[in-house]
Amino acid sequence: MGLLDEARKLSVYTAYNTNVDAITYLKGETVQRLIDEFGAEAVEGRMEDYPREINEPLDFVARLVHALKTGKPMAVPLVNEELHEWFDSHFEYDVERMGGQAGIIANLLANLDFNRVIVYTPHLAKKQALMFVDRPNLFYPVVEGGRLTFRHPREAYREGDPVKVNRIFEFRAGTTFKLGSETVTVPFSGRFIVSARFESIRIYTEPELKPFLPEIGEAVDGAILSGYQGIKLRYSDGRDANHYLKEAKKDILLLKRERDVKVHLEFASIQNRELRKKVIYNLFPLVDSVGMDEAEIAHVLNALGYSKLAERIFTYNRIEDTVLGGKILVDEMNLEVLQIHTIYYIMYITHADNPLSEGELRQSLELATTLAATRASLGEIKSPADVRVGTGVPYNERGEYVKLRFEEAKRRLRTREYKIVIIPTRLVKNPVSTVGLGDTISAGAFTSYLAMLKKKGAL
């Protein structure tokens, strides 16, 4: 893995979202018990309402059953803090571990033995801090005596900080249960995430650390920022999304002030269209790279006013539409690179003047899917040597179909002004876990992209 060795020479900053992932491996009888508790009719009625957030238990059961019927991974925000007790009384969690894009990526890069990984989260309770891997290359920025210092996250926690718990329900293809007279068989393995969105958890950089962001920007080769989906439109203290997005913009500009460090934004599902639009228009134009899945690109296009194209992506999932949508996004947001990851393929879309060749971009995606296959096989990557496991995972059975459809799309669309590459994913038949696979792909793609730019003297 020569490219991984190059990438491991890098130093990376990652912020903002970390949480505790409480994972349950769903069985058919557990789902059946939930349906029976509320009644199939009530569940089906609420499924038709399609609640966008979870205010009461029936909202959760309806959206969970919908996810199981389609076999598609979904995340729905939990806005009622009082439901903690209901969940804890109904489920025994099989695993509790690091969650949140920034936390997952920090642990991954630290375990892969990157030169230096600096992770920042505004909330660092002891329970959260202990979920960071015990590696000497992992640091948390701390201001002491008016100077910037770095400690391991386990030594930097603060008593009294809130902890964010996301509940993740992993489901397996073939699981069956009854919904009234219908027998449901889950078509694909995936996960249903109940993400806690509470007032106490906010996405920002603490005022005392903010002036030191240019110093952090100088100390790293790239930054991976995520967690903006946790911003709320309005808060009870009078602050709103505009306040936090204004501060987020300042953070990016400060990171880039002394050196134009490359910044990747990992985009995650934002249910509220107004908030989605604010994140896109405020932050996308300031970053160099964005990563997302195919559902997220459809959401973004919808927010930008391309509702018919978004609908086509949602309905038909055609590569041609995704390429077209990606081109629009790269142009309208002036992105250097857009990375789209799906269950069957990963794609890069850049402008034709990108310093990397299509072959090099393909190499970057190869490393990304190999890392994800390793994580899916083992549950976690604990050292660079683990990555050999991923190289042994075959490409998915739709690989040739993906290539064929991609070539067709390129013929039908104007692509001369772009470099567009696609590779099939390496797909693990029975993954140990699917949590964090998108983050692993994005971190692997972005860091290997940086490594190749650096080697060419273009960083």
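**Sheet and helix packing in the predicted model**

Strand β1 (residues 11–16) runs parallel to strand β5 (residues 116–120), and 5 bridges join the two. Helices (H or I, at least four residues) and strands (E, at least two) are DSSP runs, numbered from the N terminus. Strands pair if DSSP finds at least two bridges between them. Tyr13 has Ile118 in β5 as its bridge partner. The model is predicted: local features need pLDDT of at least 70, side-chain atom pairs count only at pLDDT 80 or more, and totals for chains, interfaces and linings use all residues. Residues are numbered from 1 along each chain as its sequence is written, and side-chain values use heavy atoms, without hydrogens and water.

The open sheet has 10 strands in the order β7-β6-β5-β1-β12-β13-β14-β15-β16-β17, with mixed pairing. β7 (147–151) and β17 (418–424) are the edge strands; each has a single partner strand, so one side of each lacks a neighbour in the sheet. On average, neighbouring strands are turned by 20° against each other, direction ignored. Helix α6 (residues 101–111) packs on this sheet and touches β1, β5, β6 (138–144), β12 (222–226) and β13 (262–266). Contact means heavy atoms within 4.5 Å. The direction of α6 makes about 160° with that of β1.

Helices α9 (residues 241–255) and α10 (residues 273–283) have axes that come within 10 Å and cross at roughly 25°. Axes are lines fitted to C-alpha atoms, for helices over the stretch in contact, and angles run from 0 to 180 degrees between N-to-C directions. Ala241, Asn242, Leu245, Ala248, Lys249 and Ile252 in α9 meet Leu275, Lys278, Val279, Asn282 and Leu283 in α10.
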